[in-house]
Amino acid sequence: MSSNEMNGTVFAPDNDLSENAYVSSFEQYEELYQKSIESPQTFWGEIAKQFHWETEANPKDFFSYNFDTQKGPIFTKWMTGASTNLSFNLLDRNVKNGLADQVAYYWEGNHPDDYSRITYKKLLQEVCRFANVLKSHGVQRGDTVSIYMPMVLELPIAMLACARIGAIHSIVFAGFSSDSLADRIDDCKAKVLITCDGAWRGEKPLEIKAICDEAMEKAAKLGHQVSKCIVVAHLNRVTPGCVKAAETIKSTPWNDDRDVWWNDEMEEAEAACYPEWMAAEDPLFMLYTSGSTGKPKGVLHTTAGYLLYASTTFKNVFDYKPGDIYWCTADIGWITGHTYVVYGPLANGASSVMFEGTPFFPDNDRYWQVVDKYKVNQLYTAPTAIRALMKFGDEPVLRHNLTSLRILGSVGEPINPEAWLWYYRKIGKGKCSIVDTFWQTETGGHVITPLPGATKMKPGSATFPFFGVKPSLLDENGVEVVGEGEGYLVFSQPWPGIMRTIYNNHPRYEETYFSKFPGYYCTGDGARRDADGYLWITGRIDDKLNVSGHLMSTAEIEAVLTEHKKVSESAVVSRPHPIKGECLYCFITPNQNEVFDKTLVNELKKLVRERIGPFAQPDVIQHAPGLPKTRSGKIMRRILRKIAINDRNVGDTSTLADESIVDQLFANRPE
Ligand code: PRX
């Protein structure tokens with residue numbers, strides 16, 4: 001055990017790291033935190049000074065909110081009166097400040113022979129050119145643009161081009177199915193769709209444009225027609241190793257009236273574009289997150305507050321210093337990629353690695369090879385990836401020099417102590433701080449997290465709130481749990497980066513997040529506070545489950561399963577999984593006279609892949625002649641969760657309408 005490890009479970013930050021950090025002691029954190037809570041205007045007003053504001057905020061109306069549905073509509077407003085532009089602050093401002101030739105992104109492709117880089121100056125030019133392309137296709141301030149792309153440089157270019165002209169981007173992770181994409185295109189009424197011809201995921205080809213074509217057709221049937229589809233020719237760029245496989249991809253499907261190639265459009269476009277000045281609370285982007293029903297929920301983030309929050313969390317949580325090389329492995333299609341691949345790093349003039357590949361291709365040492373190649377200082381990844389890589393032992397890690405690393409981040413799901421310790425010892429060599437960052441699509445940025453130079457770490461604890469964040473734990477009756485204890489994790493006042501609404505559905509926003517406990521934003525997660533005040537996220541306490549850091553709702557999966565004509569009823573629960581954290585375990589009651597067999601199981605798995613996406617595929621589908629229900633017809637999921645893990649200790653079953661069903665379900669377990 002290294003000398004940094006104290007009391008067995010508490011790990012102090014490395015001394016050098018602490019001394020040089022922006023926030024270098026817990027006392028300093030506490031002081032800043034108090035200021036952020038007591039005088040939000042002074043605290044955030046000071047931070048705002050580094051950015052360009054075309055018009056200044058009204059000091060009398062810097063921050064206002066209502067979190068209590070009983071007092072009126074829910075709202076949050078920061079910096080009323082201010083106007084700015086995100087792309088101007090992320091690009092023009094940095095170029096003016098001397099960063100023109102600094103690399104914004106080192107792009108590392110699926111194959112190690114595929115790599116490139118882009119400077120701030122070049123990024124600004126490309127963004128301006130693409131902003132002009134969008135304008136030439138009639139995209140205006142306030143319009144929405146859907147984006148369905150792999151991790152290529154054109155993706156941040158497209159996002160910032162939208163921001164430059166005041167269009168709202170809606171990115172759909174390119175692992176979602178055409179059905180999911182269609183629903184999202186239709187919900188936000190996207191004028192334009194931006195995509196790629198295809199991409200490689202390891203050795204697997206992804207026919208991205210073909211998925212988009214299906215989605216645009218389906219969206220048209222739902223009533224919304226996309227007017228243009230702009231396509232990046234990415235497959236042309238594959239390296240020799242992949243060319244052979246490229247031949248297996250059919251030529252890109254094309255509709256001459258609707259589709260245009262990115263490169264053709266860019267040729268003529270001017271490399272300058274005056275930014276659209278947006279009001280502080282104008283929308284910046286929406287990003288769909290799973291809701292309890294199949295209907296997508298477009299989480300909406302706005303301009304000024306998101307800029308302040310993305311940039312401040314990035315700077316302090318990763319302790320990013322000029323000259324550092326930072327790498328977040330998340331896909332931009334999720335919120336982690338929005339805030340910590342694009343907006344946060346660029347707002348700080350950072351140099352990042354942007355990675356298109358997977359941790360396992362061409363070999364299981366790819367992450368460590370990339371860290372070594374670029375001398376990465378901050379690595380931000382998910383527990384699922386850490387657990388998957390641990391499996392291969394230390395040898396792939398030892399092939400590379402990882403001494404550049406200073407800070408290791410974790411996000412998306414609780415990190416188990418075993419994975420935490422492996423990350424700390426084997427990757428960080430006992431010298432790096434681990435920042436276990438708790439947050440959500442809705443929160444815009446980290447809300448509970450250690451600060452790397454200030455917070456003593458406990459493996460598995462997200463520790464303390466970030467500046468401006470006021471967490472509470474509530475019991476079932478809405479009473480605050482003081483001191484040690486466990487409860488619903490809620491927040492009693494907004495920080496600048498919190499979502500403002502659900503796109504086109506404010507009542508659903510109020511209902512989902514504010515109706516359970518008036519006066520509080522409800523995360524849907526449970527948490528425990530220990531005797532030292534540390535917060536430990538215990539996981540979702542609603543109908544959501546978290547598979548490999550991807551949140552989905554059991555109701556959403558059940559709705560898909562019962563679409564199958566042979567299925568009468570379904571119930572989905574989560575089961576712990578050694579790598580994915582949780583996986584889907586589904587109980588299926590077939591219609592009378594229908595047989596439950598392998599064919600049905602395969603058809604159901606395929607249906608989930610088609611309706612939602614491959615990442616949502618169930619691990620287990622079990623035959624359930626009946627479901628354990630109370631006399632009033634409520635499914636007792638607690639019992640199903642026990643059956644899923646083969647734990648006979650199911651507790652009280654006397655309220656069940658038919659107790660014998662429990663034994664039948666145990667007998668029917670497929671493994
Ligand atoms: O349950 C929490 C879990 O992920 C949920 C948010 O998922 P999503 O909106 O997809 O955003 C993921 C990336 C920010 C949360 O409600 N979660 C996220 N980070 C952590 C976590 N659970 C425990 N520890 C974390 N560090």
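Reader: How many salt bridges does the rule find across the interface of domain 1 and domain 2?
Author: This is a predicted model, in which local features need pLDDT of at least 70, side-chain atom pairs count only at pLDDT 80 or more, and totals for chains, interfaces and linings use all residues. Residues are numbered from 1 along each chain as its sequence is written, and side-chain values use heavy atoms, without hydrogens and water. A salt bridge is a side-chain nitrogen of Lys or Arg within 4 Å of a carboxyl oxygen of Asp or Glu. Between domain 1 and domain 2, the number found is one.

Reader: Which residue forms a salt bridge with R611?
Author: The closest N and O atoms of the pair are 2.6 Å apart. The partner of R611 is D179.

Reader: Where do domain 1 and domain 2 lie in the protein chain?
Author: The bounds come from an automatic or database domain assignment. Domain 1 covers 85-358, and domain 2 covers 544-667.

Reader: What area do domain 1 and domain 2 bury between them?
Author: Buried area is the accessible area (1.4 Å probe) that two parts lose on being put together, summed over both. Carbon and sulfur atoms hold 48% of the area here. The total is about 970 Å².

Reader: Which residues in domain 1 lose the most area to domain 2?
Author: Together they make up 40% of what the side of domain 1 buries. They are D179, S290 and W334.

Reader: Which residues is F130 in contact with, leaving aside its neighbours within four places in sequence?
Author: Contact means heavy atoms within 4.5 Å. The partners of F130 are I157, A158, A161, I194, I230, W262 and M266.
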